[in-house]
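The sequence and model come first.

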Amino acid sequence: MSTVATPPEPPTTDLPFRDPALPLAQRVDDLISRLTLDERIELLCQYSPGVPRLGLAPYKTGTEGLHGVAWLGPATVFPQAIGLGATWDEELLHEVATAVGTEAHAFHQCPAVDGHRHSLQIWAPVVNLLRDPRWGRNEEGYAEGSRRPGTAAPTRCPAASTTTSSAPAGRTSTTTPHRCTPSGTACPTPASPTPTCGCPPGKQRRTTP
(Lines give C-alpha, C1' and ligand atoms only; values in the text may rest on other atoms or scores of the structure.)
Protein backbone atom coordinates (compact mmCIF):
# COMPACT_ATOMS: atom_id res chain seq x y z
CA MET A 1 0.00 0.00 0.00
CA SER A 2 1.33 3.40 -0.93
CA THR A 3 2.39 5.71 1.89
CA VAL A 4 2.30 8.79 -0.33
CA ALA A 5 -0.21 11.28 1.04
CA THR A 6 -2.99 12.32 -1.30
CA PRO A 7 -2.90 16.09 -1.76
CA PRO A 8 -6.04 17.74 -0.37
CA GLU A 9 -8.62 19.10 -2.78
CA PRO A 10 -8.39 22.88 -3.16
CA PRO A 11 -11.30 24.98 -1.82
CA THR A 12 -14.26 24.88 -4.17
CA THR A 13 -13.83 28.62 -4.80
CA ASP A 14 -10.35 27.93 -6.21
CA LEU A 15 -11.33 25.20 -8.67
CA PRO A 16 -10.58 26.02 -12.33
CA PHE A 17 -14.24 26.00 -13.41
CA ARG A 18 -14.80 28.93 -11.01
CA ASP A 19 -12.13 31.07 -12.69
CA PRO A 20 -13.76 33.59 -15.08
CA ALA A 21 -10.35 34.35 -16.57
CA LEU A 22 -10.14 30.88 -18.14
CA PRO A 23 -11.73 30.06 -21.52
CA LEU A 24 -15.30 28.84 -21.18
CA ALA A 25 -14.56 25.49 -22.83
CA GLN A 26 -11.76 24.83 -20.33
CA ARG A 27 -14.02 25.67 -17.39
CA VAL A 28 -16.78 23.37 -18.70
CA ASP A 29 -14.33 20.51 -19.24
CA ASP A 30 -12.96 20.94 -15.73
CA LEU A 31 -16.41 20.89 -14.13
CA ILE A 32 -17.61 17.85 -16.08
CA SER A 33 -14.44 15.94 -15.26
CA ARG A 34 -15.18 16.37 -11.55
CA LEU A 35 -18.78 15.14 -11.72
CA THR A 36 -19.72 11.52 -11.14
CA LEU A 37 -22.05 9.80 -13.60
CA ASP A 38 -24.95 10.06 -11.14
CA GLU A 39 -24.30 13.76 -10.63
CA ARG A 40 -24.27 14.37 -14.38
CA ILE A 41 -27.62 12.60 -14.77
CA GLU A 42 -29.17 14.61 -11.92
CA LEU A 43 -28.04 17.86 -13.57
CA LEU A 44 -30.10 16.96 -16.65
CA CYS A 45 -33.33 17.43 -14.68
CA GLN A 46 -35.18 20.74 -14.37
CA TYR A 47 -34.81 20.55 -10.59
CA SER A 48 -31.15 19.85 -9.82
CA PRO A 49 -30.22 18.89 -6.25
CA GLY A 50 -26.87 20.61 -6.64
CA VAL A 51 -23.42 19.18 -5.92
CA PRO A 52 -22.40 20.41 -2.44
CA ARG A 53 -18.88 18.95 -2.61
CA LEU A 54 -18.18 21.22 -5.59
CA GLY A 55 -20.04 24.19 -4.19
CA LEU A 56 -22.92 23.86 -6.69
CA ALA A 57 -26.21 24.92 -5.12
CA PRO A 58 -29.61 23.41 -6.00
CA TYR A 59 -30.81 24.86 -9.30
CA LYS A 60 -34.04 25.05 -11.26
CA THR A 61 -33.81 25.37 -15.03
CA GLY A 62 -36.40 27.72 -16.45
CA THR A 63 -38.65 30.44 -15.05
CA GLU A 64 -41.96 31.24 -16.75
CA GLY A 65 -41.85 34.80 -18.08
CA LEU A 66 -44.36 34.80 -20.91
CA HIS A 67 -46.14 37.92 -19.68
CA GLY A 68 -44.15 38.69 -16.55
CA VAL A 69 -42.99 36.75 -13.50
CA ALA A 70 -45.93 37.56 -11.17
CA TRP A 71 -46.56 33.85 -10.54
CA LEU A 72 -43.45 34.03 -8.31
CA GLY A 73 -44.85 36.87 -6.22
CA PRO A 74 -45.53 40.63 -6.50
CA ALA A 75 -44.47 41.71 -10.00
CA THR A 76 -45.76 43.43 -13.12
CA VAL A 77 -48.30 41.56 -15.26
CA PHE A 78 -48.23 42.27 -19.01
CA PRO A 79 -50.57 41.28 -21.86
CA GLN A 80 -50.02 37.98 -23.63
CA ALA A 81 -47.56 38.00 -26.53
CA ILE A 82 -50.28 37.92 -29.18
CA GLY A 83 -51.67 41.17 -27.73
CA LEU A 84 -48.27 42.82 -27.56
CA GLY A 85 -47.57 41.69 -31.12
CA ALA A 86 -50.73 43.43 -32.29
CA THR A 87 -49.39 46.79 -31.07
CA TRP A 88 -46.56 46.78 -33.66
CA ASP A 89 -44.70 48.91 -31.10
CA GLU A 90 -41.08 47.81 -30.84
CA GLU A 91 -40.28 50.42 -28.18
CA LEU A 92 -43.08 49.04 -25.99
CA LEU A 93 -41.81 45.47 -26.45
CA HIS A 94 -38.34 46.64 -25.43
CA GLU A 95 -39.71 48.26 -22.25
CA VAL A 96 -41.74 45.15 -21.35
CA ALA A 97 -38.77 42.85 -21.86
CA THR A 98 -36.50 45.07 -19.80
CA ALA A 99 -39.01 45.08 -16.93
CA VAL A 100 -39.43 41.29 -17.03
CA GLY A 101 -35.66 40.84 -17.00
CA THR A 102 -35.22 43.19 -14.05
CA GLU A 103 -37.93 41.53 -11.99
CA ALA A 104 -36.72 38.03 -12.85
CA HIS A 105 -33.27 38.94 -11.58
CA ALA A 106 -34.79 40.31 -8.37
CA PHE A 107 -36.52 36.98 -7.69
CA HIS A 108 -33.26 35.20 -8.51
CA GLN A 109 -31.76 36.89 -5.44
CA CYS A 110 -34.52 35.48 -3.19
CA PRO A 111 -34.71 32.05 -1.58
CA ALA A 112 -37.30 29.99 -3.41
CA VAL A 113 -40.05 28.18 -1.52
CA ASP A 114 -38.84 24.75 -2.66
CA GLY A 115 -35.15 25.51 -2.02
CA HIS A 116 -34.25 25.84 -5.70
CA ARG A 117 -33.08 29.30 -6.72
CA HIS A 118 -35.28 30.92 -9.34
CA SER A 119 -33.63 30.46 -12.71
CA LEU A 120 -32.40 33.25 -14.95
CA GLN A 121 -33.24 31.08 -17.94
CA ILE A 122 -36.59 32.62 -18.83
CA TRP A 123 -39.39 30.99 -20.79
CA ALA A 124 -40.71 33.93 -22.77
CA PRO A 125 -42.89 34.27 -25.92
CA VAL A 126 -42.37 31.72 -28.66
CA VAL A 127 -41.30 32.71 -32.17
CA ASN A 128 -43.37 29.98 -33.81
CA LEU A 129 -45.91 31.00 -36.43
CA LEU A 130 -49.45 30.71 -35.05
CA ARG A 131 -50.92 28.80 -37.99
CA ASP A 132 -52.92 25.99 -36.33
CA PRO A 133 -55.34 26.47 -33.40
CA ARG A 134 -54.95 22.79 -32.51
CA TRP A 135 -51.52 23.66 -31.16
CA GLY A 136 -53.31 24.98 -28.06
CA ARG A 137 -50.83 27.66 -27.10
CA ASN A 138 -51.29 30.27 -29.78
CA GLU A 139 -51.57 33.07 -27.23
CA GLU A 140 -47.85 32.54 -26.52
CA GLY A 141 -46.67 33.78 -29.92
CA TYR A 142 -46.74 37.13 -31.70
CA ALA A 143 -48.61 36.44 -34.94
CA GLU A 144 -49.48 33.93 -37.66
CA GLY A 145 -47.22 35.54 -40.25
CA SER A 146 -43.43 35.48 -40.28
CA ARG A 147 -42.89 39.24 -40.33
CA ARG A 148 -44.15 40.03 -36.82
CA PRO A 149 -42.19 37.34 -34.92
CA GLY A 150 -39.20 38.25 -37.06
CA THR A 151 -39.23 41.83 -35.78
CA ALA A 152 -40.46 41.19 -32.23
CA ALA A 153 -38.01 38.50 -31.14
CA PRO A 154 -34.83 40.49 -31.93
CA THR A 155 -36.31 43.38 -29.94
CA ARG A 156 -37.30 41.37 -26.88
CA CYS A 157 -34.37 39.04 -26.31
CA PRO A 158 -31.52 41.59 -26.12
CA ALA A 159 -33.65 43.90 -23.96
CA ALA A 160 -34.53 41.16 -21.49
CA SER A 161 -30.92 39.96 -21.32
CA THR A 162 -29.23 43.34 -20.74
CA THR A 163 -28.34 44.74 -17.34
CA THR A 164 -29.69 48.09 -16.17
CA SER A 165 -27.71 50.96 -14.70
CA SER A 166 -29.31 50.43 -11.27
CA ALA A 167 -28.87 46.67 -11.18
CA PRO A 168 -25.99 44.30 -10.47
CA ALA A 169 -24.50 42.57 -13.48
CA GLY A 170 -26.45 39.57 -14.67
CA ARG A 171 -27.65 37.87 -17.82
CA THR A 172 -29.67 34.85 -18.81
CA SER A 173 -29.85 32.40 -21.65
CA THR A 174 -32.67 31.42 -23.99
CA THR A 175 -34.58 28.14 -24.08
CA THR A 176 -37.24 26.39 -26.14
CA PRO A 177 -40.15 26.55 -26.35
CA HIS A 178 -39.84 30.02 -24.83
CA ARG A 179 -37.28 32.77 -25.07
CA CYS A 180 -35.07 35.20 -23.04
CA THR A 181 -34.03 37.51 -19.90
CA PRO A 182 -32.22 39.55 -16.82
CA SER A 183 -31.03 42.38 -14.52
CA GLY A 184 -31.99 43.03 -10.93
CA THR A 185 -32.82 44.98 -7.80
CA ALA A 186 -34.40 44.29 -4.41
CA CYS A 187 -36.15 41.14 -3.33
CA PRO A 188 -39.95 40.83 -3.52
CA THR A 189 -41.76 38.24 -1.42
CA PRO A 190 -42.10 34.95 -3.34
CA ALA A 191 -45.52 33.38 -3.56
CA SER A 192 -46.27 29.70 -3.13
CA PRO A 193 -48.97 28.86 -5.68
CA THR A 194 -51.03 25.72 -5.22
CA PRO A 195 -50.37 23.30 -8.09
CA THR A 196 -53.35 22.12 -10.11
CA CYS A 197 -51.61 19.16 -11.71
CA GLY A 198 -51.03 17.01 -8.65
CA CYS A 199 -47.31 17.80 -8.59
CA PRO A 200 -45.47 18.87 -5.40
CA PRO A 201 -45.47 22.66 -4.75
CA GLY A 202 -43.10 24.41 -7.12
CA LYS A 203 -42.97 21.47 -9.54
CA GLN A 204 -45.97 21.98 -11.77
CA ARG A 205 -46.01 19.86 -14.89
CA ARG A 206 -45.24 21.62 -18.14
CA THR A 207 -46.33 20.53 -21.62
CA THR A 208 -43.97 21.21 -24.51
CA PRO A 209 -45.71 21.92 -27.84
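## Basis and fold

Helices (H or I, at least four residues) and strands (E, at least two) are taken as DSSP runs and numbered from the N terminus. On that basis the chain has five helices and four strands. Read from the N terminus, the order of elements is α-α-β-β-β-α-α-β-α.

The model is predicted: local features need pLDDT of at least 70, side-chain atom pairs count only at pLDDT 80 or more, and totals for chains, interfaces and linings use all residues. Residues are numbered from 1 along each chain as its sequence is written, and side-chain values use heavy atoms, with hydrogens and water left out.

## Surface and contacts of the chain

Accessible areas come from the Shrake-Rupley method with a 1.4 Å probe, and for residues only the protein chains shown count as cover. The accessible surface of the chain is about 11,800 Å², and carbon and sulfur atoms hold 59% of that surface. A residue is called buried under 20% relative accessible area, exposed over 50%, and partly exposed in between (1.4 Å probe, protein chains only). Of the 209 residues in the chain, 38% are buried.

A contact is a pair with heavy atoms within 4.5 Å. Among contacts in the chain with a separation of 6 or more, 57% are between residues 24 or more positions apart.

## Nonpolar cores

In soluble globular proteins, nonpolar side chains tend to be buried together. A nonpolar core is here a set of buried Ala, Val, Leu, Ile, Met, Phe, Trp, Tyr and Cys residues joined through side-chain atoms within 4.5 Å. The largest such core has 15 residues, and the members that touch the most others are V69, L93, V96, V100 and Y142. Helices α3 (81–85) and α4 each contribute at least two residues to this core. The largest share, five residues, comes from α4.

Apart from neighbours within four places in sequence, V96 contacts F78, L84 and R156. There is also a second, separate core of six residues, including L15, V51, L54 and L56.

## Salt bridges

A salt bridge requires a side-chain nitrogen of Lys or Arg within 4 Å of a carboxyl oxygen of Asp or Glu. The count by this rule is four. One of them joins E90 and R148, whose closest N and O atoms are 2.7 Å apart. This pair links distant parts of the chain, with E90 in helix α4 (residues 90–108) and R148 in helix α5 (residues 147–161), 58 residues apart. R148 is classed as buried because its relative accessible area is 3%, whereas E90, at 27%, counts as partly exposed.

A salt bridge between D30 and R34 has an N to O distance of 3.0 Å. Both residues belong to helix α1 and are four residues apart, about one turn of the helix. D30 has a relative accessible area of 13% and so is buried; R34, at 23%, is partly exposed. The side chains of R134 and D132 form another salt bridge, at 2.7 Å from N to O. Here R134 is exposed at 74% relative accessible area, and D132 is partly exposed at 29%.

Patches are made of residues with over 30% relative accessible area and no salt bridge; like charges are joined within 9 Å, and nonpolar side chains (Val, Leu, Ile, Met, Phe, Trp, Tyr) within 5 Å. L24, V28 and I32 make a nonpolar surface patch of about 270 Å². L24 is located in helix α1 (residues 24–34) and is exposed, with a relative accessible area of 62%.

## Two loop residues

Which residues does A75 contact, apart from neighbours within four places in sequence? They are V69, A70, E103 and F107. A75 sits in the loop between β3 (63–64) and α3, and it is partly exposed, with a relative accessible area of 26%. Its C-alpha atom is 9.0 Å from that of A104, a residue 29 positions away along the chain.

Most residues other than glycine have a negative phi. W88 is not a glycine, yet its phi is positive, about 55°. W88 lies in the loop between α3 and α4. At 46% relative accessible area, W88 is partly exposed.
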